[in-house]
Structure formats: structure tokens, C-alpha cells
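Me: I am new to this structure. Can you show me how to read its features, one at a time?

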Amino acid sequence: MTTFSIDAARLLERLRELGQIGRDDNGMLVRLAGSDADKAGRDAFVAWIRSAGLEVAVDRIGNIFGIWKDHKNADDAPVLLGSHIDTVINAGIYDGCYGVLSGLAVIEALKAAGFVPARPIAVAAFTNEEGVRYAPDMMGSLVYAGGLPVEEALATAGTDGTMLGAELERIGYAGSEEPGFLKPYAYVELHIEQGPVLEREGVPIGAVENLQGISWQRITVEDEANHAGTTPMSMRRDAGHAAARVVTFLRDRARNANTPTVATVGCMSFEPNAINVIPSRATFTVDLRDPDEGRLQAEEAALASYLKGLAATEEVTISVERLARFEPVAFDRRIVELVEDAARKRGLASKRMTSGAGHDAQMIARVAPSAMIFVPSTGGISHNPHEHTPEADLVAGANILLDVVTRLAAE
């Protein structure tokens, strides 16, 4: 059994401190990628990296790394830990930040214990995981893994018209290292579950063995605007009604299926958006997820078929834009088993799980053996200021990460 643990008080205090960076006058937490608030959060993280005696490196997409190198193994592939510190709008304090700060806490604990790793250990904070200001999400890790050219990512226009590359320059985090300059031996990401399963089953540790595939699309329905009072129902070509039918179709299909498929319409807008005008345009997003690639493709095909039939019956024009598409990911079996073994040795129950949310780990899995550790989320709430995980669970998860890293870094 491991004879040392992370500094729980320091980890919890840093989570609280980082959780105050980016709050507005109303107390709302917002640290969008490339913003002034993001800079402030990054500055705090870099200061903690330096106080731990680690080397700081920043790549061209703005990913931040704190690297612990022993003089004998400086050129070996590192065990990489991490997550992200950018947030959604009106966020909680744990999503992403917990994994980054726990990774730093693990390195500090190993150094304090006199542990001599057989290879470097590094902690990363990846840029723009949430994808709120710049799309796609998980951008920093995607670029790092070679899935998106860095120049293309830097040229991405944000929802506010800014360019990511220019904003990284402005806040001082346009680094000089090429993305992927560190070739990981393994990658482990600790995260709150963001779902209700662990809490409901009373299990403190999730050993995440796979991650759902994600399909994001933007759908536009167009017809003609007309007067809401003078146009009979039988003579309408109503983009709003057609959009509503898609929402209902997706919900009914997912609820009636005996599969873990989920479908969400998260954004919708009408034009001209007037109370007394039949909408001439409806634009909305569709988020489809399933841990099986074949089922995900089947859901995409079912939606496409439905849209084709809907266009004909409603006499509207429907166009579809692909926003993002990620295949399901199977994590490294051996690392998953290390998570289970670490939990068992600390007297904690664990559960093999599927992640319903996207994470940086799914990108890093393209280039290195990877896995994730989950801890419970109270009420399954996340992307919300009420996001919460009990302190005991936060500390337990960080110690499991410590044990797994100790095993990997000794190899």
C-alpha cells in the first residue's frame, strides 16, 4: 500500500482560489479560452508550477506544461497528467481544474516523499477544452495529438469575432514549443464524473474504460415568413414548427431505444424572431452521443432520413453543417486495471464506467496509452455553479491518481 498521500489542504485551497478567478460582479464564474480571465487563471497555475520547482513550457496552441525531469531520465517519454482550466459560462469550480491541480499535487507529493521516477512526469492544462468561445471543443489536446493543424486552430474565429491566435498573443500564452513536443509514455486524467452514477451507487472511484462518440451538427430550416394572424394553419410553411418536430423526433427515438444513446438540442434561434410573424428560418444544434461507433452512425443516418422526409412534408428547405465528430474511444486496459488496483489497496470500491462527456483524454489516446479516473458529482450536476464533489472524494481521487502515477513512473 502507498505510504504517502497528496497535500489535501493545499489541493483544496488551490481549487477554491482558482475558482474565484474570473468571477464577475454578480459572482458568475466565466473563464473563456483566450480571455483576460483565462490569462489570470493561467498565471496562477504557472506560479504554482514554478513554486513546485518544475520546468514551465507552453506550446503554440497555448497548452501549458509543468515538467519534472530527473537528470538521468530527462529525455525519456513522460507520464503525462492533466485536464483544462477554461470554463463554460456560469461554471462550477471543479470541471477540468480538479484534474490539473491534482496532477500538480501528485508531482509535489512524489517530490516531497523522495520518490525517484524512472521517467519524467508532467502536468498539462490544455487550451480551449470547453469550446465555448472557439470551436471545436478539446482543441488544445486535439492539436497536441496531431488531429488539427496548429495554424488552422490559431486562425479560428470566436463567437465574438476574435481570432484565437491573436488572443493567445495578447494574453501572453502563444508559446514557442510545437504541439506534441512531449511524447507521452502514458496519460491519466482525473475528473469529476459530471453525472449521477457514482453518487447513486455509492461508489467513490470510477475507472473509466471508454468514452462516448460525439456528433455535433447545426441544422437550418428555411421557408417564408408570413403574418401570424392572417395565414391559416393549413397554408403555413413554418420553420419553427419543423424545428420542433426534429426536437420531438430525437427525444422520442432516444427514450424508446434500449441503448445508451443520448440526443440533445442545445441551441435554437428563429428569424425574424417576432411574436406575430411565422418564422422564416430556424437554426438549431444537435448533439448525438453513443459509446458504440456503429450505433452512432445509425443515429446520424436516422436523423438524415428524417430531415429528408420532413423537408418534403413541411415544404421547407433543410441544410446541415457538421460542427464536430469524434469516434468513441476505448482507453488502455492496463491503466484502467491500475486504477482498480489502486482503489482496492486503499480500501475503496471502484466501478468501470463509460464517460458521457468529452475530455482531453480522448484526444491524447490517439498518441499514448490513456485512461481516466472519476469521482462522484453531487446530484450529477456540472457546467453549473452548483457543481460539487465532497472534499473526501476529491482527496481520495487525487490519491488514486498518485498511486497510478507512482506505478507508471517507476516503469
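Reply: Start with residue classes. Ala, Val, Leu, Ile, Met, Phe, Trp, Tyr, Cys and Pro count as nonpolar, Asp, Glu, Lys and Arg as charged, and the others, Gly among them, as polar. Keep in mind that this is a predicted model.

Me: How many cavities of 30 Å³ or more does a search of the whole structure find?

Reply: Rolling a probe the size of a water molecule over the atoms shows where empty space is left. Here the search finds two cavities of 30 Å³ or more.

Me: Which residues line the second largest cavity?

Reply: Thr87, Val88, Ala91, Gly92, Asp95, Cys97, Glu130, His383 and Glu387 do. Sort them by class: three are nonpolar, three polar and three charged.

Me: And how does the lining of the largest cavity divide?

Reply: Into five nonpolar, two polar and three charged residues. Among them are Ala33, Asp38, Arg42, Phe126 and Asn128.

Me: Now a single residue. Where is serine 35 found?

Reply: Look in the loop between α1 (8-18) and α2 (36-51).

Me: Is serine 35 buried or exposed?

Reply: Buried means under 20% relative accessible area. Serine 35 has 15%, so it counts as buried.

Me: What does serine 35 touch?

Reply: Leave out residues up to four places away in sequence, and serine 35 touches Arg133, Arg170 and Ile171. A polar atom of the serine 35 side chain lies 2.6 Å from the backbone oxygen of leucine 32.

Notes: Residues numbered from 1 in each chain as written. Predicted model: local features only at pLDDT ≥ 70, side-chain atom pairs only at ≥ 80, totals over all residues. Heavy atoms only, no water. Helix = DSSP H or I, 4+ residues; strand = E, 2+ residues; numbered from the N terminus. Buried < 20%, exposed > 50% of the residue type's maximum accessible area, 1.4 Å probe, protein only. Polar contact = N/O pair within 3.5 Å; in protein donor to acceptor, adjacent residues only side chain to side chain. Contact = heavy atoms within 4.5 Å. 1 Å grid on protein atoms, 1.4 Å probe; cavity = no way out; pocket = protein on both sides within 12 Å on 5 of 7 lines; lining within 4 Å. Points joined across faces, edges and corners; volume = space filled by probe spheres on them.
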